[in-house]
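Okay, thanks everyone. Let me put the model up on the screen, and then I'll walk you through a few parts of it.

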Amino acid sequence: MNYIHEGFKEAFKLLIGFDKEVYSIISLSLLVSTSATIIASIIFIPIGIHLGIKEFKGKRFFSRVLYTFMSIPSVIVGLVVAILLSRRGPLGHLELLYTPKAMIIAQVLLVTPLILGLTYSLAKSRGKTIEKIGLTLGAGKFDIIILTIKELRVELLVHVVTAFSRAISEVGAVMIVGGNIKGHTRVITTTISMMNSMGDYPMAIALGIVLLIISFAINSIIYSYSGED
Amino acid sequence: MEVLVNDVRKFYSNKLVLNIDKLRFPKGKITGIIGPNGSGKTTLLNIIGGLDREYTGQVIYDGKALTQGIYRNMTLVTQKPYLFRRKVYENIEYPLKIRKVNKQERIKKVQDIIKRFEIEELQDKKAHLLSGGESQKVSLARALVFEPKLLLLDEPTSNIDPESIKIMEREILGFNEETKGTVLIVTHNIEQSKRLCDDVIYLEEGKVGN
């Protein structure tokens, strides 16, 4: 039991003492996951709304495929990106493997089905009414997408945060494409995983606490924004 | 705007729900559409309003088929209005914003219509939290603020208080008089159709009756 107690004590020391390594890991985690979530949201929220409202052939099949991809394992995404970016892969010449950019790409691919699927489902159930009112007031296609985003902003924010939570808490994809290189591609989850296997608990505990704090802060923001208690 | 309905047929799961050979709604007139439940009144309004495209036949607006330009010149107010999750003022301002009306003119027009509808005390309230009668007034104000050439009303005053009905009827008549906009109003209230309409058509089982 003592080592757990010592682990926590050491963890707080690292956090309060602004340990350079710990904070560089936290910064990179936030940078990678925030960038991936923002990129995926900007591109796929409007597309999700458009597809959700629009009637098209094969919509039911599309829904099934999309919902299946929402639970895609992160290691598979990591593997696909690693194959594409590897030296012999089709995008090998870009030399992105084992860089933060590769980690962002992998996380964009990871959260895209989640953002697209949740937005699509929301637009399918509530977008039609908003579209109808928009049309009766003379809104064009682009106006309707903007109007729908504004009307569903609280729900969409929850979706974005859900996607961010998935990104920041996953290990598989960033481990495969980032390589967990110290000072370069090491993020919270890969560090916790590595420290655990090495039996070095203080830093793992410190980063675990940070992950929980991030999660709590995000949820607090959502609750205050959506007016719940 | 003059509206012509030619040979319009509408089916719902193989059942013919609207069957109109010819119908003309003259420019600048208020026409009432009355009839029992399920007679096709709302379906007709949705087809004219461009919300329902799955029908056969033609609807002609001032001699033309439906385009985005025509869309921009007409509007439909439903029985259960949907107001945006924002302030009443912003709801009424929305049609002007998407038409790129400049800010000063927007303020003037929105304030003017708020005053006419006597809803000054509501303008800063969240629109989706209003009562039924208040929502109907805001919905009509939002429809009239951009002075459409064709105003479609689907039982706009059902289940609201007499004072609100009076204000809404006054504004519908005022709009028609001032802008010469065409109005089509679906109503169950014969007295209301007498008060408002230049002409009334009766629908029964999807057909124009006597």
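So, chain A has ten helices and zero strands, where helices are DSSP runs of H or I with at least four residues, strands are E runs of at least two, and both are numbered from the N terminus. Reading from the N terminus, the elements go α-α-α-α-α-α-α-α-α-α. Quick housekeeping: this is a predicted model, with local features needing pLDDT of at least 70 and side-chain atom pairs counting only at pLDDT 80 or more, while totals for chains, interfaces and linings use all residues. Residues are numbered from 1 along each chain as its sequence is written, and chains are lettered from A and ligands numbered from 1 in the order in which they are written.

The C-alpha trace of chain A spans about 65 × 50 × 25 Å along its principal axes. Of the 229 residues in chain A, 40% are buried, meaning 20 or more other C-beta atoms lie within 10 Å of the residue's own, with C-beta atoms placed from the backbone.

Now, a helix pair in chain A. At what angle do H5(A) and H6(A) pack? Helix H5 (residues 100–136) and helix H6 (residues 141–151) of chain A sit at about 125°, axes 9 Å apart; the axes are lines fitted to C-alpha atoms over the stretch in contact, and angles run from 0 to 180 degrees between N-to-C directions. H5(A) and H6(A) are therefore oblique to each other, since under 35 degrees counts as roughly parallel, over 145 as roughly antiparallel, 65 to 115 as roughly perpendicular and the rest as oblique.

Who touches whom? On the H5(A) side we have A:Ala123, A:Gly127, A:Ile130, A:Glu131 and A:Gly134, and they meet A:Asp143, A:Ile144, A:Leu147, A:Thr148 and A:Glu151 in H6(A). Contact here is C-beta atoms, placed from the backbone, within 7 Å. By class, that's four nonpolar, three polar and three charged residues; Ala, Val, Leu, Ile, Met, Phe, Trp, Tyr, Cys and Pro are nonpolar, Asp, Glu, Lys and Arg charged, and the others, Gly among them, polar.

On to the other chain. 15 residues of chain B contact eleven residues of chain A. H3(B) gives the largest share of that chain B side, three residues. The chain B side has eight nonpolar, four polar and three charged residues.

Pairing needs at least two DSSP bridges between the strands. Strands S3 (residues 30–34) and S7 (residues 182–186) of chain B pair parallel over four bridges, with B:Thr31 opposite B:Leu184 in S7(B).

Technical notes:
Two residues are in contact if their C-beta atoms, placed from the backbone, lie within 7 Å. A residue is buried if 20 or more other C-beta atoms lie within 10 Å of its own, exposed if 12 or fewer, and partly exposed in between; C-beta atoms are placed from the backbone.
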